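Visitor: I have a structure to look at, and I would like to learn how to read it step by step. Could we begin with how its chains are arranged?

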There are 2 protein chains.
Amino acid sequence: METIFTEFRQHIEEISKLTDDEFEYILSHFVKKKFRKHQFLIQQDEPVKYEYFVLNGCVKAYTLDHDTKMHILQFGMQDWWIGDYQAYFKQIPATLYVDCIEDTEVLCLTLENREKLCTEMHKFEHFTRKKLNSGYVALQQRILSLLNSTPKERYEQLLVQYPSLFQKVPKQYIAAYLGVSRETLSRLNSVVK
Amino acid sequence: METIFTEFRQHIEEISKLTDDEFEYILSHFVKKKFRKHQFLIQQDEPVKYEYFVLNGCVKAYTLDHDTKMHILQFGMQDWWIGDYQAYFKQIPATLYVDCIEDTEVLCLTLENREKLCTEMHKFEHFTRKKLNSGYVALQQRILSLLNSTPKERYEQLLVQYPSLFQKVPKQYIAAYLGVSRETLSRLNSVVK
C-alpha cells in the first residue's frame, strides 16, 4: 500500500477501526487524482462526479456573484473532505467552483460508490455519519458567526480554529471566506496578534 | 400506537423502511414532552440532554449578543429536528436558547440513545446519515446566501423554501433569521409578492 494512503486510513480509523481487508476494500472504491495549482476539480454548470478527500495540497470551493466577486464556502487542506455537495447529492450541475490554491492530490468518490460502501459496510456509514455530525456543527457555528460576530471576531475565530490556513492561503481568499473586504482584512492583520 | 407517532414513522420511512417491531423499538428510545408557548427547551449555559423531533408546534433556536439582539440559527416546525448540536455532541453547556413560538410537542432523544440506535440498527444510522446529508447542504446554502445575497434575495429564497414559516412566525423572528433589520423586512414585505 502506498504510504500516501496511511493518513487516509488513520483518518477513518479515528472513528471506525478497520481490518487490512476492509481498508483495501474501501480504498478500491476511490480514484486518486493529481491537480496542478489553478486547475479546476469542479466547474459551475458542469456535472459533479465526485466528492474529494484531500491527500495533500489546498483547494477552495466558491461562487462568483454578478460582479465576479468571489465568495468562498470552504477550503480543503490535507485530511479534509470537499465538494459541491448540493450538486453531488442531487446529481445536478455544479453551482460552485472548486480549484487548486497549490498542487493537490485527492481521492475521488462517486455518489454511487459512497452509497454502496455505506450500504455494504455499517462501519463506513458510521464513519460518514460521524464526520457529518462534526461538519454540521461547524457550519452552524459559521452561520452564527456570520450573523452575530464582527469581522475582527470572525478573523480571530478562524485564526484559532485553523492556524495553518493562514500559512497556505493568500489573504484575499481569507477575506472572501470571512465575508469582509481585503482592506478590512489588512487592517485586522496588523491589529490582531 | 398513538396517531401522533404515525407521521414520525412516515418521516423515518421516507428513508428507511421499518417493521412494526423496529419502529416500536426506535420509539421506545424517545421521550414525548409538551411545552407551552414561550417555554424553553434549552437554555444557554445549561446542560443539553436531548435533540428534538417536532411533532407539532413551532420553536426557534437562537443566540443573544451583547446588546441582547437575537440571531436565529434555526426554526423547528412539524417533522423538523432541532437542538443545540454543538453542545449535544460535545456534551458541553448550551450556547443556544431553544424556546416555543407556540405550544409544541416534541420527541426527545438523548445522545446515548441516538448512538445506541445507530450502533444496533444499521437502518437507523442510514436514516440519520441521510438526514444529515440534507441538513449539511441546507446549511451550506444558507452560508452562501449570507455571503452573497441581498436581503431581498434572502427573503425571497426563504419564502420559496418554507412558505409555511411566514404563517407561523412573527416578522421580527424572520428578520432575526435573515440577518436584516425589522424595518428592512417590512419594506421587503410590501415590495415582494
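Visitor: By what turn and what shift can chain A be laid on chain B?

Guide: In general, two copies of a chain are related by a rotation about an axis and a shift along it. In this predicted model, chain A is laid on chain B by a turn of 180° and a shift of 0.0 Å along the axis, with an RMSD of 0.0 Å. The two copies are therefore related as by a two-fold rotation axis. The same surface serves both copies, since 98% of the contact residues of chain A recur in chain B.

Visitor: Is Cys118(B) buried or exposed?

Guide: A residue is called buried when its relative accessibility is under 20%. Cys118(B), which is found in helix H4 of chain B, has 0% relative accessibility and therefore counts as buried.

Visitor: Which residues is Cys118(B) in contact with, leaving aside its neighbours within four places in sequence?

Guide: From chain A there are His122(A) and Arg129(A), while chain B itself supplies Phe124(B), Glu125(B) and Thr128(B). Cys118(B) and Thr128(B) are 10 residues apart in sequence, and their C-alpha atoms are 8.0 Å apart in space.

Visitor: And where is His126(B) found?

Guide: His126(B) lies in helix H5 of chain B, which covers residues 122-148. Because its relative accessibility is 17%, His126(B) counts as buried. Leaving aside neighbours within four places in sequence, His126(B) is in contact with Glu115(A) and Glu125(A) from chain A, and with Ile15(B) and Ser16(B) from chain B.

Definitions and conventions: Residues numbered from 1 in each chain as written. Chains lettered and ligands numbered in written order. Predicted model: local features only at pLDDT ≥ 70, side-chain atom pairs only at ≥ 80, totals over all residues. Heavy atoms only, no water. Helix = DSSP H or I, 4+ residues; strand = E, 2+ residues; numbered from the N terminus. Buried < 20%, exposed > 50% of the residue type's maximum accessible area, 1.4 Å probe, protein only. Contact = heavy atoms within 4.5 Å. Least-squares fit on C-alpha atoms with pLDDT ≥ 70 in both.
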